[in-house]
Amino acid sequence: MSTATAPATSAPTSPSIPKSAHVSFLGAVRSEWLKLRTLRSTWWIAGLTVVIMAGIALLGTWSLSTFIDTDPEGAAQAMGVMPNGAEFATSGSLFGQLVLGVLGVLVVTNEYASGMVRSTFAAVPRRTPVVLAKVVVLTLISLVTSAVAIGASALVSMPFFDTLDVTIPMDSADTWQILGGVAVFLTLIALMSFGFGLILRHTAGAIFTVVAIAFVIPLVLQAFQTDLIQNINKFLPMNASTAFTTTTDAGAAGMELLDPWVGFAVMVAWAVVPIAVGTVLLKSRDV
Amino acid sequence: MIEARGLVKKYGSKTAVDGVSFTVRPGVVTGFLGPNGAGKSTTMRMIMGLDRPSGGSVTLNGKPYASHRSPLTEAGALLEAKAIHPGRSARDHLRALATTHGIGDRRVDEVIDMTGLTAVARKRAGGFSLGMGQRLGIATALLGDPKTLILDEPVNGLDPEGVLWVRNLAKYLASEGRTVFLSSHLMSEVALTADHVIVIGRGKILADVPVSEFVDDGGGSVRVRTPDAARLVEVTSADGVTVTADEPGLLQISGLDAQRIGELAAEHRIVLHELTPQASTLEDVYMELTSDSVEYRTEAPSAHGAAAAPAAPAAADDVLSGSTQGDAR
Ligand SMILES: Nc1ncnc2c1ncn2[C@@H]1O[C@H](COP(=O)(O)OP(=O)(O)OP(=O)(O)O)[C@@H](O)[C@H]1O
Ligand SMILES: [Mg+2]
């Protein structure tokens, strides 16, 4: 390279930079993973997800078993059919989704808040690979965190299963639909939150939006028992995912739900659409 | 090599960069000079593909930045605004960027050493002082050992030793054949570092010349100390020569160079105690060029005289605002 006739633009390159160095999707994924794991907030959020979900499962099974001990007939009447034990192990997902949602939002908004985004796009100037790399690492960490949280929830609620007369039948397809469905649901909520972070580029605004869509609005709408409102409510993330992750009437709690796979598809759309919109905006906006 | 052709950037109704065309060549340091709000940072963000031009185009080594296979080895930038997450260590910040290109930790540690950050490399960047943050920004720019360096006010926040280091680094990188594009709103800074200067004001290019020429264009003023001021004024008075007396026995003469003044004094046997060509003419030329295009002005006129050669940024701003008071906008 460094011949006497070389043009002035071919300055010497440090020997510690490989000749073949170039930007790649795998490199972008590695970078996103390094960025994610080197922030303390990531581990706080992952830990909090596990603690909150296990805590809710513990409280739920413990209080129910006390109820049954003290008033077996009343309990039997109130409960009707006992759900699959897996539903106890996933009962904290309503709150777990909010914590993982914060992680999804932060993956993008903390880069805007700190200005890191300018370094990110200076290193990987094309926008779509950065979005996809973030999707990959967020999906992986959310799935693993959800699996650990569900496992911990199952462990802490099992001591009460005898009293409650439930089990987690490992050979039942229902069990895996519930456990897998909730892990996927939590991941999709994290991805949806990431999408809103991409669109809004602002932590508080994106978290507010996620909490409204995933939590507040479906609960408020439940109070209005008109057909139109209930039809809308079916399509919100909370009920769309319940349609997939509930295998008994007890889980449905009297709600009218979508067909399981329709619910699943709606849930996927809740993740894909905001990310797609966010990516289109990202490509047209200044960093 | 950076080539801008008719580059425009509008933010709503505000035109930040107004159809600029220029070429930044390898092998020399090119200063990018302009008052606050002139459009320097905006232009640099467009070069790096961060802001989308509203019109025109800019290429880096022949292609838009984003089209390069290995962007980090083509160009590195230190941008005006912070571009570092405060919760991450300096080393992890650099590693995260390096790994996008498959660049390993050896290069990361190399730029950490180069920028004097070894002792704090594993500390959270959020705790860094302004100068250390600036050094980390420079380390980021150097990471890919790029052919082109874009440095937006690189000496901001650095101590005198750091300022000197940046100047020498910029010159050294240019001497290796790299393209070095460095912005400042201080003429004195650019005069010390750059070989070529592009002056921008209100989004338009006002000058694009070698630094040496830039100085010559302005003519010079010469400071003369003499016990016989009245006679010297007499013998030097001619068309195009202006003489001002700042204090008894001290004259500022413009329109004649130091050599001619010395000859005239000798001819008429006038004793001179000092004969100094004024470097501040650089500042004057710059001031003159940009006086119509200053974006921001402080409300109260400053007490500083317009001839004071500014050393500190604050003083320079005062001078700028002082000389443009009352401009209709
Ligand atoms: N993101 C933005 N949105 C709106 N206006 C902007 C934006 N960025 C810059 N501007 C405006 O564009 C003009 C040029 O700004 P720019 O930051 O490029 O100037 P500059 O030459 O770097 O100034 P300084 O010396 O103060 O750093 C200013 O009037 C500024 O207010
Ligand atoms: Mg600027």
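Colleague: In this predicted model, what is the count of salt bridges between chain B and chain A?

Modeller: A pair qualifies when a side-chain nitrogen of Lys or Arg lies within 4 Å of a carboxyl oxygen of Asp or Glu. Lys9(B) and Asp286(A) meet this criterion, with their closest N and O atoms 2.9 Å apart. For chain B and chain A the count is one salt bridge.

Colleague: How much area do chain B and chain A bury between them?

Modeller: The size of an interface is often expressed as the accessible area that is lost when the parts come together. Here 47 residues of chain B are in contact with 43 residues of chain A, and 57% of the buried area falls on carbon and sulfur atoms. The area that the two chains bury between them is about 3700 Å².

Colleague: Which residues of chain B lose the most area to chain A?

Modeller: On the chain B side of this interface, three residues together account for 17% of what that side buries. They are Leu50(B), Arg88(B) and Thr100(B).

Colleague: How are H1(A) and H3(B) oriented to each other?

Modeller: Helix H1 of chain A, residues 25–37, packs with H3(B) at an angle of about 160°, their axes being 8 Å apart, and the crossing is left-handed. In this contact Ser31(A), Leu34(A), Lys35(A) and Arg37(A) meet Asp92(B), Arg95(B) and Ala96(B), a set with two nonpolar, one polar and four charged residues. Angles over 145 degrees count as roughly antiparallel, and therefore H1(A) and H3(B) are roughly antiparallel to each other.

Colleague: Within chain B, what is the orientation of H3(B) and H4(B) to each other?

Modeller: Helix H3 of chain B, residues 90–98, and helix H4 of chain B, residues 105–114, pack at an angle of about 135°, with their axes 9 Å apart. An angle over 145 degrees would be needed for roughly antiparallel, while 65 to 115 would be roughly perpendicular. The two helices are therefore oblique.

Colleague: Into which classes do the residues of the contact of H3(B) with H4(B) divide?

Modeller: H3(B) passes H4(B) in a right-handed crossing. The contact is made by Arg91(B), Leu94(B), Arg95(B) and Ala98(B) on the H3(B) side and by Asp105(B), Val108(B), Asp109(B), Val111(B) and Ile112(B) on the H4(B) side. By class these are five nonpolar, no polar and four charged.

Technical notes
Residues numbered from 1 in each chain as written. Chains lettered and ligands numbered in written order. Predicted model: local features only at pLDDT ≥ 70, side-chain atom pairs only at ≥ 80, totals over all residues. Heavy atoms only, no water. Axes fitted to C-alpha atoms, helices over the stretch in contact; angles between N-to-C directions. Helix = DSSP H or I, 4+ residues; strand = E, 2+ residues; numbered from the N terminus. Parallel < 35°, antiparallel > 145°, perpendicular 65-115°, else oblique. Left-handed = near helix turned anticlockwise from the far one by under 90°. Contact = heavy atoms within 4.5 Å. Nonpolar A, V, L, I, M, F, W, Y, C, P; charged D, E, K, R; others polar. Buried area = accessible area lost by both parts, 1.4 Å probe.
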